[in-house]
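I opened the notebook today to look through a new model, one topic at a time. Here is what I looked up, in the order I went.

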Amino acid sequence: AVVLLSGSGSALLPLPALGLTLADKQAVTGALLRAGATIAEINTVRRHLSAIKGGRLARAVRPARLLTLAISDVPGDDPLAIASGPTVADPTTRAEARAVLARYGVEPPAAVRAHLA
């Protein structure tokens, strides 16, 4: 399998995790943006609300081999940051995602709270 990633890939791959809706993800992302969260913090949360980001795309194509070609607009070219890393294992935890929400006083929808529990 070949995956081509580029800037804005995170916004173009919005597949919510099972039990979540796109509206749930939009509400959380919007609240974090308004609160002043960094893109790294937002992506930490976004990866945990996704069925595809944070390496989940790579897991979905197993056992096939995977080649990722990335056109980066991310300072430092961190593969986890490009399109929220759909082909890169996520080193963050759900606890870290919850901590980001708490740090900014974001009260997520009930489905998001349950998913991150």
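**Entry 1: the model.** I note before anything else that this is a predicted model.

**Entry 2: salt bridges.** I began with the charged pairs, and the count came to three salt bridges. I took them one by one.

I then asked myself: is Glu 41 buried or exposed? Glu 41 has a relative accessible area of 14%, and the cut-off for buried is under 20%, so Glu 41 counts as buried.

Next I turned to Asp 90, which forms a salt bridge with Arg 47; here the closest N and O atoms are 3.2 Å apart. This pair also links distant parts of the chain, 43 residues apart: Asp 90 is in the loop between strand 2 and helix 5, while Arg 47 is in helix 3. I checked the burial of both partners, and Asp 90 and Arg 47 are each buried.

The remaining pair I wrote down is Arg 113 with Glu 107, whose side chains meet at 3.1 Å, N to O. Arg 113 is partly exposed, at 41% relative accessibility. Glu 107, at 62%, counts as exposed.

**Entry 3: the largest pocket.** I moved on to the largest pocket and noted a volume of about 310 Å³. How many residues line the largest pocket? I found 21, and those nearest its centre are Ile 39, Asn 43, Val 74, Ala 81 and Ala 83. Helix 1 (9–12) and helix 3 (39–48) are the elements that give two or more residues to this lining. Helix 3 gives the most, with six residues. I sorted the lining by class too: nine residues are nonpolar, eight polar and four charged.

**Entry 4: a nonpolar patch.** Last, I went over the surface and marked a nonpolar patch of about 510 Å². Val 2, Leu 4, Leu 67, Leu 69 and Ile 71 make this patch. I asked which strands supply at least two residues of the patch. Strand 1 (2–5) and strand 2 (67–70) each do. I picked out Leu 4, which lies in strand 1. Leu 4 counts as exposed because its relative accessibility is 61%, and the cut-off for exposed is over 50%.

Key. Residues numbered from 1 in each chain as written. Predicted model: local features only at pLDDT ≥ 70, side-chain atom pairs only at ≥ 80, totals over all residues. Heavy atoms only, no water. Patch = residues over 30% accessible without salt bridge, like charges linked within 9 Å, V, L, I, M, F, W, Y side chains within 5 Å. Areas by Shrake-Rupley, 256 points an atom, 1.4 Å probe, with all protein chains shown as cover. Salt bridge = Lys/Arg side-chain N within 4 Å of Asp/Glu carboxyl O. Helix = DSSP H or I, 4+ residues; strand = E, 2+ residues; numbered from the N terminus. Buried < 20%, exposed > 50% of the residue type's maximum accessible area, 1.4 Å probe, protein only. 1 Å grid on protein atoms, 1.4 Å probe; cavity = no way out; pocket = protein on both sides within 12 Å on 5 of 7 lines; lining within 4 Å. Points joined across faces, edges and corners; volume = space filled by probe spheres on them. Nonpolar A, V, L, I, M, F, W, Y, C, P; charged D, E, K, R; others polar.
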